Amino acid sequence: MKANVNRVPIQETHTLPSNGMLYKDLGIPAEITLRAMTTLDEKRRLSSTGMQVIPNLLNACIIEPDNIDAGELKLFDLQFLMYKERIITYGPEYKVNLRCPHCGETFELKVNLDEIPVNLLPDDFEEPFKIGPLPVSKDVIDCKILSANDYTKIEREAKRIKSKFPDYEGDPEFMLSYQYKIVNINGEPAQPNKIQKYVEEMHMQDTRFFDSKYADIVDNIGLDISMVDECPHCGRDVDYNLPVTDEFFRPTY
């Protein structure tokens, strides 16, 4: 266990939504123990950029086990721990401001982060998982769920491409994301250049099918931050996804 050099006694143990099933080769268990943030941890958070902000913070605040890289966590597990870190440090009350799409008025809500539902990874889930047959090509694609480190690599490669090819058309992250998601095509291992060519030539109906089925799987694991609340001005329901604002890690008192 990491030495508690900051003498922060508050700590909690949580079971990941994945139950550790996706990290058998990485030594990441089902349960993670966090401690509350210190001022030094806030300095770390503010000095990080891009996708590494939360992994860097959690790497400092995870006290058991002490030898894992939070960047290897799938995004839904990472998001889950981020919320738990916020709760253990500042409490579950989270103030958000919303604008009603019906009457246009803004209003403040106080959300209890402890009450957000958590969807667990099915016990029979295996990675890579299959999508297909695709509607036009009839191909079957084997995929993986991306980790924070995967997104960091995508960010860095996209910046390199933009720097090297200033006339590059579109956002390079769009195509790079497929290269990291796709593992096999029709049972055959696929290299990044092969995946890029394959995706570029995909019938758009196949692309939409792939994106939809991938989201159906990945977006339904972990915290369910889709919410409905009543507008206090007009009384109509407001549907929204809980935003992460400055209030999340720097709450006002």
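A crossing is called left-handed if the near helix is turned anticlockwise from the far one by less than a right angle, and right-handed if clockwise. Helices (H or I, at least four residues) and strands (E, at least two) are DSSP runs, numbered from the N terminus. The model is predicted: local features need pLDDT of at least 70, side-chain atom pairs count only at pLDDT 80 or more, and totals for chains, interfaces and linings use all residues. Residues are numbered from 1 along each chain as its sequence is written, and side-chain values use heavy atoms, with hydrogens and water left out.

Two packed helices are described by the angle between their axes and the distance between the axes. Axes are lines fitted to C-alpha atoms, for helices over the stretch in contact, and angles run from 0 to 180 degrees between N-to-C directions. Angles under 35 degrees count as roughly parallel, over 145 as roughly antiparallel, 65 to 115 as roughly perpendicular and the rest as oblique.

Helix α1 (residues 39-47) packs against helix α2 (residues 53-61) at about 160°, with the axes 8 Å apart. The two are therefore roughly antiparallel, and their crossing is right-handed. Asp41, Arg44 and Arg45 of α1 meet Val53, Leu57, Ala60 and Cys61 of α2 in the contact (heavy atoms within 4.5 Å). By class, these residues are 4 nonpolar, no polar and 3 charged; Ala, Val, Leu, Ile, Met, Phe, Trp, Tyr, Cys and Pro count as nonpolar, Asp, Glu, Lys and Arg as charged, and the others, Gly among them, as polar.

For helix α5 (residues 172-181) and helix α6 (residues 192-200), the angle is about 120° and the axes are 9 Å apart. These helices are therefore oblique to each other, and the crossing of α5 and α6 is right-handed. Met175, Tyr178 and Gln179 of α5 make the contact with Pro192, Ile195, Gln196, Val199 and Glu200 of α6. This set divides into 5 nonpolar, 2 polar and 1 charged.

How many disulfides are there, taking a pair of cysteine sulfur atoms within 2.5 Å as one? The count is 0. Cys103 is in no disulfide, the nearest cysteine sulfur, that of Cys100, being 3.7 Å away. The sulfur of Cys231 is 3.7 Å from its closest cysteine sulfur, in Cys103, which is too far for a bond. Cys103 is partly exposed at 32% relative accessible area, while Cys231 is buried at 1% (buried means under 20%, exposed over 50%, partly exposed in between, with a 1.4 Å probe and protein chains only).

Ser18 lies in the loop between β1 (11-15) and β2 (31-35). Ser18 is buried, at 0% relative accessibility. Leaving aside residues up to four places away in sequence, Ser18 touches Tyr23, Phe76, Asp77 and Leu121.

How values were computed:
A disulfide is a pair of cysteine sulfur atoms within 2.5 Å.
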